[in-house]
Amino acid sequence: MFASCVSVVAVGCVLGHAGLYLHSCSSSIFFRLSSCFMTAAPGMPSERVTTCVDGVVHRLSCELSGVISVQTSRYGAEDSAACNDGRKAEISNATCSDVAVVDIVKKKCNGKRVCELSSSDLGVSGGCRGTTKYLHTTYTCLSAFHHVTCEHSLAHLQCGEEQVILVYRAEYGRRDHTTCIHGRPDSQIQNINCLNPTSKVAERCDGKNSCLIKAGNSEFGDPCYGTYKYLEVAYTCSCT
């Protein structure tokens, strides 16, 4: 928890992807996170992940320590020392030069506890035959609460005295076979590709000390008919 008016992150923003928001203690303006440059508080260590083969899972994780905040992400083969297994990478093909994909990775991963993707998810796979390519990302783990509410139940977000809610990310739908499944038939938990970002939790709850919001289609629409869904929220508490 952050009891003083020291901002968790430093921000420079342009309005962008719905469902990701943050603000500072001195402003009531909400900035959408995926187009922001978000940096961790001084002293917070960075994690680094390098994936050396196209199509292989590139996994970022803050399972034990909050939510993901991507700092940099690049794809290509500009660095001949990376992923070469003792061989010098061929980089004569200009399309293999280092390409910044940080905005795409931020949109997919910021505010999540775990994020898995591959070069194909970024639209940069293929080409450069014979060249060893890589996807390299640096990120930090921001301290946050992670709240999951099953469909038809109420999500209760709560902060301490003189603190207000700050939503990093909110999604409604389903992305696994293990969450909110008790008593549900298999047909209702098979579709795991329907977890959609939503801005409504931030709109309803940001700046409040506590907030109730129903996890249901009436609030968020129905991203996957016939599937039993849940609301997943990552948030922190900031000073008033």
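Because the model is predicted, local features require pLDDT of at least 70 and side-chain atom pairs count only at pLDDT 80 or more, whereas totals for chains, interfaces and linings use all residues. Residues are numbered from 1 along each chain as its sequence is written, and side-chain values use heavy atoms, with hydrogens and water left out.

The structure contains six disulfides, a disulfide being a pair of cysteine sulfur atoms within 2.5 Å. One of them joins Cys62 to Cys141, with the sulfur atoms 2.0 Å apart. This link is left-handed, with -85 degrees about the S-S bond. It connects distant parts of the chain, 79 residues apart: Cys62 is in the loop between strand 6 (58–61) and strand 7 (67–76), and Cys141 is in strand 10 (residues 134–142). Strands (E, at least two residues) and helices (H or I, at least four) are DSSP runs numbered from the N terminus. Cys62 is buried at a relative accessible area of 1%, and Cys141 is buried at 14%; buried denotes under 20% relative accessible area, exposed over 50% and partly exposed in between, with a 1.4 Å probe and protein chains only.

A disulfide also joins Cys159 to Cys237, at an S to S distance of 2.0 Å. Its S-S torsion is about -90 degrees, so the link is left-handed. Cys159 lies in the loop between strand 12 (154–158) and strand 13 (163–173), and Cys237 in strand 16 (residues 230–239), so parts 78 residues apart in sequence are tied together. Cys159 and Cys237 are both buried.

The largest pocket has a volume of about 340 Å³. A pocket is an open set of points on a 1 Å grid over the protein atoms alone, where a 1.4 Å probe fits, with protein on both sides within 12 Å along at least five of seven lines; lining residues have an atom within 4 Å of a point. Volume is the space filled by probe spheres set on the points, which are joined across faces, edges and corners. Of 17 lining residues, Lys112, Val114, Cys115, Glu116 and Arg175 are the closest to the centre of the largest pocket. Strand 9 contributes the most to this lining, with four residues. Domain 1 (46–82 + 96–142) and domain 2 (145–239) both contribute to the lining, so the largest pocket lies between them; the domain bounds come from an automatic or database domain assignment.
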